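Visitor: I am new to reading protein models, and I would like to go through this one step by step. Could you take my questions in turn and show how each answer is reached?

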Amino acid sequence: MLVTIEGALDPETVAALRAELAAGEAWVDGRVTAGHQGAAVKRNQQIEEGSQTARRCGALVLAALERHAHFISAALPNVVYPPMFNRYGVGMTFGEHVDGAVRIDPHTGRKLRTDISATLFLSDPDAYDGGVLEIADTYGVHGVKSGAGDLVLYPATSLHQVTPVTRGERLASFFWIQSLVRDDGRRTLLYEMDAAIQELNRTGTEGGACRSLTGVYHNLLRLWSEP
Ligand code: NI
């Protein structure tokens with residue numbers, strides 16, 4: 001499923017990240033982390049992995065997401081890859097590709113299976129033209145260009161691209177998540193069930209049925225989750 005979490009980062013955190021990235025001197029050619037398929041179509045810049053800028057900014061993003069209920073419900077995160085940061089100036093693009101299935105965490109050396117791809121928008125959409133994240137699934141191609149602070153999650157199995165920027169600059173953070181539930185269909189069912197339970201709680205429709213439904217949610221999560 002494709003989920004947009006609006007306001008995943010508050011405006012103050014977005015501003016702090018933008019200031020830190022603007023001052024950062026660690027911008028490198030984005031192809032340093034691309035695989036063979038990606039390198040041929042990738043033309044952007046990113047903050048060097050392991051740099052002080054990457055560590056400080058990544059920690060800000062992770063701190064915000066760790067306590068974000070909507071993110072946790074949608075992603076059911078097990079391991080989150082240290083967030084990276086990219087920049088597309090005029091003429092920059094990242095053509096159609098599928099993200100690699102396994103990444104090695106640069107800090108711990110541990111392998112992470114990429115179940116979910118994440119893009120966190122850091123530029124206002126009216127600050128640039130082009131730069132649309134286009135994600136293909138069985139229902140067609142979806143163009144995403146969301147507000148600063150919004151987070152987009154989509155299955156890492158998806159073919160996707162970032163169209164060329166024709167004006168301005170597009171800043172974003174991107175990373176991957178190994179989910180407790182690797183199957184996108186199962187994760188979608190749990191996400192929808194959790195949303196329904198939250199709605200019942202909000203509207204005060206409590207009682208045995210709601211408790212039973214909550215129990216089913218946790219028992220399905222227990223059944224489907226894996227380390
Ligand atoms: Ni990608």
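Visitor: How many salt bridges are counted between domain 1 and domain 2?
Guide: This is a predicted model, and its domain assignment gives domain 1 as residues 3–179 and domain 2 as residues 184–224. Although the structure holds seven salt bridges, the count between domain 1 and domain 2 is zero.

Visitor: What area is buried between domain 1 and domain 2?
Guide: The C-alpha centres of the two domains lie 29 Å apart, and the contact takes ten residues from domain 1 and seven residues from domain 2. Carbon and sulfur atoms give 59% of the area buried between the domains, and that area is about 650 Å².

Visitor: Which residues of domain 1 lose the most area to domain 2?
Guide: On the side of domain 1, three residues together account for 60% of what that side buries. Those residues, which lose the most area to domain 2, are S73, L76 and P155.

Visitor: How are helix α1 and helix α3 oriented, roughly parallel or roughly antiparallel?
Guide: Two packed helices are described by the angle between their axes and the distance between the axes. Helix α1 covers residues 11–23 and helix α3 covers residues 52–66, and they pack with their axes 10 Å apart at an angle of about 170°. Angles over 145 degrees count as roughly antiparallel, and therefore α1 is, relative to α3, roughly antiparallel.

Visitor: How many nonpolar residues does the contact of α1 with α3 have?
Guide: Helix α1 brings T13, A16, L17, E20 and L21 to the contact, while helix α3 brings T53, R56, C57, L60 and V61. By class, two of the residues in this contact are polar and two are charged, and the number of nonpolar residues is six.

Visitor: With which residue does R56 form a salt bridge?
Guide: R56 lies in helix α3 and its partner lies in helix α1, so the pair ties together parts that are 36 residues apart in sequence. The closest N and O atoms of this salt bridge are 2.6 Å apart, and the partner of R56 is E20.

Visitor: Which residues does G147 touch, not counting residues up to four places away in sequence?
Guide: G147 has its place in the loop between β13 (140–144) and β14 (151–155). From G147 to V28 the separation is 119 residues in sequence and 25 Å in space, C-alpha to C-alpha. Leaving out residues up to four places away in sequence, the residues that G147 touches are F121, S123 and P125.

Note on methods: Residues are numbered from 1 along each chain as its sequence is written. This is a predicted model: local features need pLDDT of at least 70, side-chain atom pairs count only at pLDDT 80 or more; totals for chains, interfaces and linings use all residues. Side-chain values use heavy atoms; hydrogens and water are left out. Axes are lines fitted to C-alpha atoms, for helices over the stretch in contact, and angles run from 0 to 180 degrees between N-to-C directions. Helices (H or I, at least four residues) and strands (E, at least two) are DSSP runs, numbered from the N terminus. Angles under 35 degrees count as roughly parallel, over 145 as roughly antiparallel, 65 to 115 as roughly perpendicular and the rest as oblique. Contact means heavy atoms within 4.5 Å. Ala, Val, Leu, Ile, Met, Phe, Trp, Tyr, Cys and Pro count as nonpolar, Asp, Glu, Lys and Arg as charged, and the others, Gly among them, as polar. Domain bounds come from an automatic or database domain assignment. Buried area is the accessible area (1.4 Å probe) that two parts lose on being put together, summed over both. A salt bridge is a side-chain nitrogen of Lys or Arg within 4 Å of a carboxyl oxygen of Asp or Glu.
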